[in-house]
Amino acid sequence: MTTRMFTARCSQCGQRFRAYSKTVLLTRVRKHMWDKHHEWMVARMKAGRLASGSPGNPTVGMVLGAIAQGIPVAIALIRLIKKPRWSRLESAVSTFEPYMKPETRAAWQAVKSIKGIDIRRGG
Ligand SMILES: [Zn+2]
């Protein structure tokens, strides 16, 4: 009889979870995410749909589409992107800046700076 506990941490608020079974743990985390971070979960699902087929490799069009749906969706999408790819994608999307609506450009600037913070933290 093993007493090994599975542990997980909420990526949004840092709350810790422990359970004797991985399934129970995942169910508990998922329930917590939907209860406490509903908007973030919705944004993540939208981002997942936008990036479907190429997670971690979204196109310029996917990024622009995500920005149009709001900052939370855009952030959820760009958090799927790794650092080297992000540098290229960032400059590609930035070439569209002059053609963006002011509110889209503001959202893009916000998303860029948030991704910059993620990268400095090692994400
Ligand atoms: Zn949480």
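Read from the N terminus, the elements of the protein chain follow the order β-β-α-α-α-α-α-α. The secondary structure thus comprises six helices and two strands, where helices (H or I, at least four residues) and strands (E, at least two) are DSSP runs numbered from the N terminus. The model is predicted: local features need pLDDT of at least 70, side-chain atom pairs count only at pLDDT 80 or more, and totals for chains, interfaces and linings use all residues. Residues are numbered from 1 along each chain as its sequence is written. Along its principal axes, the C-alpha trace of the protein chain spans about 65 × 25 × 25 Å.

Strand β1 (residues 6–9) pairs with strand β2 (residues 16–19) in the antiparallel sense over four bridges; pairing requires that DSSP finds at least two bridges between two strands. Within this pair, A8 has F17 of β2 as its bridge partner. The two strands, β1 and β2, form a hairpin with six residues between them, and G14 in the turn has a positive phi of about 85°.

The domain assignment divides the protein chain into domain 1 (6–52) and domain 2 (60–121), with bounds that come from an automatic or database domain assignment. Their centres, taken over C-alpha atoms, are separated by 23 Å. Eight residues from domain 1 and nine residues from domain 2 take part in the contact, residues being in contact if their C-beta atoms, placed from the backbone, lie within 7 Å. On the side of domain 1 that touches domain 2, five residues are nonpolar, none polar and three charged. Here Ala, Val, Leu, Ile, Met, Phe, Trp, Tyr, Cys and Pro count as nonpolar, Asp, Glu, Lys and Arg as charged, and the others, Gly among them, as polar.

Two packed helices are described by the angle between their axes and the distance between the axes. Axes are lines fitted to C-alpha atoms, for helices over the stretch in contact, and angles run from 0 to 180 degrees between N-to-C directions. Helix α3 (residues 60–68) and helix α5 (residues 83–94) pack at an angle of about 70°, with their axes 10 Å apart. Helices α3 and α5 are therefore roughly perpendicular to each other (angles under 35 degrees count as roughly parallel, over 145 as roughly antiparallel, 65 to 115 as roughly perpendicular and the rest as oblique). V60, V63 and L64 of α3 meet L89, A92 and V93 of α5 in this contact. Its residues divide into six nonpolar, no polar and no charged.

Definitions and conventions:
Contact = placed C-beta atoms within 7 Å.
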